[in-house]
Amino acid sequence: MITNEQKYIDNIADKGVRNKKDLDVFFNQYYAVFVSFACRYCLNEEEARDIVQDVFVSFWEQRMNFTSILTIKAFFYRSISNRILNYLRHEEVKSRYAESQLKKIQSEEFIQESVIREEISCMIHKKIKELTPREQEVILLSLQNKSNQEIADLLSLSVPTVKTHKMHAYARLRAELEELRFLLLIL
């Protein structure tokens, strides 16, 4: 006796996956097979499942291009293989990047630069706190890459007023941080 699922499989074999019910039957029939195939090449089952699910989504978007079970299965095996290769290449690049970052972080030069950068940042923020409250607000928003118009809107000021506060604040900071410029030149 032929089951309903077998009828659907036969229908898919002849006409491809055309609707959600066909996809459900195809998924139930082949998902575990595709995951098993992917597991042979991936590091773990979770990554294999993610790859197979991505291929199912890709397939569903292109389903009308396939007319037989053979072309559908070929698409899945090829797509899974390609995605695994891309995944492994990406992991290799991430690994190389992590190694280079680790070497960089461990270098004495990086440590010195980090300490200097942090000290400079502290000095600048200390000097910003010595500005008037409005100048502080304007400069801090400016350091967040806000435009003059955005700062004006946030602080309920006119754009020329924002520019004036910035000009005065930068002039004071330049004068206060003059010694910092010489320190930076020495380093």
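By the rule used here, the count comes to six salt bridges, where a salt bridge is a side-chain nitrogen of Lys or Arg within 4 Å of a carboxyl oxygen of Asp or Glu. The structure is a predicted model, in which local features need pLDDT of at least 70 and side-chain atom pairs count only at pLDDT 80 or more, while totals for chains, interfaces and linings use all residues. Residues are numbered from 1 along each chain as its sequence is written, and side-chain values use heavy atoms, with hydrogens and water left out.

One of the salt bridges joins Glu92 to Arg96, with the closest N and O atoms 2.8 Å apart. The two residues sit four apart in helix α4 (residues 69-106), so about one helical turn separates them. Helices here are DSSP runs of H or I with at least four residues, strands are runs of E with at least two, and both are numbered from the N terminus. Glu92 is partly exposed at 45% relative accessible area, and Arg96 also counts as partly exposed, at 49%. For these labels, buried means under 20% relative accessible area, exposed means over 50%, and partly exposed lies in between (1.4 Å probe, protein chains only).

Another salt bridge pairs Glu130 with Lys127, at 4.0 Å from N to O. Glu130 is partly exposed, with a relative accessible area of 40%, whereas Lys127 is buried at 19%. Lys127 belongs to helix α5 (residues 108-129). Leaving out residues up to four places away in sequence, Lys127 touches Leu173, Glu176 and Leu177, a contact being heavy atoms within 4.5 Å.

Then there is Glu135 with Arg172, a salt bridge whose closest N and O atoms are 3.2 Å apart. This pair ties together distant parts of the chain, with Glu135 in helix α6 and Arg172 in helix α8, 37 residues apart. Glu135 is buried at 7% relative accessibility, while Arg172 is partly exposed at 37%.

The two helices that hold this pair also pack against each other: α6 (residues 133-143) and α8 (residues 159-176) meet at an angle of about 90°, with their axes 9 Å apart. That makes α6 roughly perpendicular to α8. Axes are lines fitted to C-alpha atoms, for helices over the stretch in contact, and angles run from 0 to 180 degrees between N-to-C directions. Angles of 65 to 115 degrees count as roughly perpendicular, under 35 as roughly parallel, over 145 as roughly antiparallel, and the rest as oblique. On the α6 side, the residues in contact are Arg134, Glu135, Val138, Ile139 and Ser142, and among their partners in α8 are Val162, Lys166, Tyr170 and Arg172.

Lys166, in helix α8, is a different story: Lys166 is buried yet has no salt bridge, and the nearest side chain of opposite charge, Glu150, is 9.2 Å away. For charge, Lys and Arg count as positive and Asp and Glu as negative, with His and the chain ends not counted. Apart from neighbours within four places in sequence, Lys166 is in contact with Val138, Ile139, Ser142, Asn148 and Ile151.

Back in helix α4 is Phe76, which is buried at 0% relative accessibility. Not counting residues up to four places away in sequence, Phe76 touches Phe26, Phe34, Val55, Phe56 and Phe59. Phe76 and Ser58 are 18 residues apart in sequence and 9.6 Å apart in space, C-alpha to C-alpha.
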